[in-house]
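Terms are given their cut-offs where they come up.

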Amino acid sequence: MGVIDSGIDSSHPDLASRVNLTLSRNLSDDNSNAEYVSAHGTHVAGIIGAQGNNEIGISGVCWNVELVSLRICALAENGDVYFSTESVTRAVNYATDNEIDILNISGGGYGFNGSYELNLISAINSFPGLVVCSAGNEGTDNDVEPLYPASHTCSNIISVTSSTEYDQLGTSRNYGATSVDLAAPGEGIHSTVPGNDYESLSGTSMAAPQVAGVAALMLSFNPNLTNQQIKNIILGTVDKLDAFAEITVSGGRLNAYKAVRSCSNYANFETPEYKGGTAFVSSSGWFSTTYSGRVWTGDINGDGRADLMGISTDGHVYYSLANSNGTYGAETKITISNGFANSWFSNGYNQRVWVADVNNDGYDDFIGVSVAGKVYTSINNRNFTFTSPTLKGGTAFVSSSGWFSTAYSGRVWAGDINADGRADLIGVSSEGNVYCSVANSNGTYTAEKKNYVFDGYNESWFSTNYNPRIWVADINADNRSDFFGVNVSGNIYSSKQVVY
């Protein structure tokens, strides 16, 4: 990790083991004296990678990152700290020559400085890694008044503004619907400063290293990620927030957990283990072989763990909660007035019901379609009860011979087709075309809409005999549901949703 800044106090006990003194360099005077000329670079470095588990100070975002001090700042005769575009260019080129993976630039300036700026753009474009830049602290719109280098259009730049602890834009922080990519925590950030000390500072200079640290975490988990993949994942896994919806590209604030979870190129699984409970044990009960289609995994209590949810033959909901230690509790019965037994969840149509988050509240609900093609939902009340099934409109999938007829009930799924956090209905007709019925913000559903697919699904891996081999899920971390499946030869196919 190259920290293009005012230098790092390499003797600080939270940083001493992290700074690579051999690679560190002063690019202002182009010599090896990379020691600090102000506290700024040391504070930024601590946010990125202060040592963890050493019982002192703070822990950086990425504990074990190797920090390279790329000092671009110099001291004027009056004691002011300044830097030039030329020194930033030299720092980026030096990072390229020495195979540094990520750069953090918590600084910038206004005005396009002619050939000097063009040289910097060329250097950034030639750098094979990610360049994380602070968006500025003037409270202005970078779309209108660009701040460089954050506002350069190089594909490997991430421009970061500052969010508060209340997920609002920090006071006097720059923004830009097309030029600032995301927000990250940057207000009152406690970090390292020279003299073996710590201090709380605020600004986009503190927000950018949060993103740079997460990028380092992602590379430590998956070293094969490209800079574009890292950028796409970081922007695709933000927490969407109203405060940033119209003023940043991603519309959200950094989520380190989701970003790191999304960057794996492999998965290891433990040997299956018994996890307890008496859930669904009866040979004649609602989890017997006859009713296996009536049970789903879903998050009933909003804790992020997959519980078991099911419906008995008499139309009542049962659940078995996932405990924090990985075990499962016994089943618990919820009595629902006018339940699922004799209506849209009758035995013949149990494949017409799904568990998904219908209203974007973090708790999974039931959604289904009747034999007449009407959409019904049963909403999780968030107190271990559900509402009675309620008609939510649409003429979805109504034709007796259409793609949601009984013969093709296995060709329909619940998934988020438009990235709004609500569960839509998605299916494939016998002709191989995709249809969808979108969830409205008021809980109702639209009529089905046909979306043609080139070389559709009606043959090969989506033939009628193998429709249980197809799933709907987000396969490219853009928060939109795609198709993927396995053909009779065991090969995986995917059909990603295209957004125009």
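Residues 24 or more positions apart account for 57% of the contacts in the chain with a separation of 6 or more, a contact being heavy atoms within 4.5 Å. This is a predicted model, in which local features need pLDDT of at least 70 and side-chain atom pairs count only at pLDDT 80 or more, while totals for chains, interfaces and linings use all residues. Residues are numbered from 1 along each chain as its sequence is written, and side-chain values use heavy atoms, with hydrogens and water left out.

The chain has six helices and 30 strands; these are DSSP runs numbered from the N terminus (helices H or I, at least four residues; strands E, at least two). Of its 500 residues, 48% are buried, meaning under 20% relative accessible area with a 1.4 Å probe, protein chains only. The accessible surface comes to about 22,800 Å², and 47% of that belongs to carbon and sulfur atoms. Areas come from the Shrake-Rupley method with a 1.4 Å probe.

**Asp14**

Asp14 lies in the loop between β1 (2-5) and β2 (25-26). Asp14 is buried but has no salt bridge, which would require a side-chain nitrogen of Lys or Arg within 4 Å of a carboxyl oxygen of Asp or Glu. The distances from its side chain are listed below.

| Partner of Asp14 | Distance |
|---|---|
| Tyr198, side chain (polar contact) | 2.9 Å |

Beyond its neighbours within four places in sequence, Asp14 touches residues including Gly49, Asn54 and Thr192.

**Strand β21**

Strand β21 (residues 365-369) is largely enclosed by the rest of the structure, because five of its five residues are buried. Asp365, Ile367 and Val369 point one way, and Phe366 and Gly368 the other. In a regular strand the side chains alternate between the two faces of the sheet.

β21 runs antiparallel to β20 (residues 353-356), with four bridges, and Ala356 stands opposite Asp365. Four bridges also join β21 to β22 (residues 375-378), again antiparallel; here Val369 stands opposite Val375. Pairing needs at least two DSSP bridges.

**Helix α5**

Seven of the ten residues of α5 (residues 227-236) are buried, so this helix is largely enclosed too. Among the buried ones are Ile230, Lys231 and Ile234. The buried residues of α5 pack against β8 (130-134), β10 (157-163), β11 (182-185), α4 (204-221) and α6 (256-261).

Technical notes
Buried means under 20% relative accessible area, exposed over 50%, partly exposed in between (1.4 Å probe, protein chains only). Lys and Arg count as positive and Asp and Glu as negative; His and the chain ends are not counted. A polar contact is a pair of N or O atoms within 3.5 Å; within protein, one must be able to donate a hydrogen and the other to accept it, and residues adjacent in sequence count only if both atoms are side-chain atoms.
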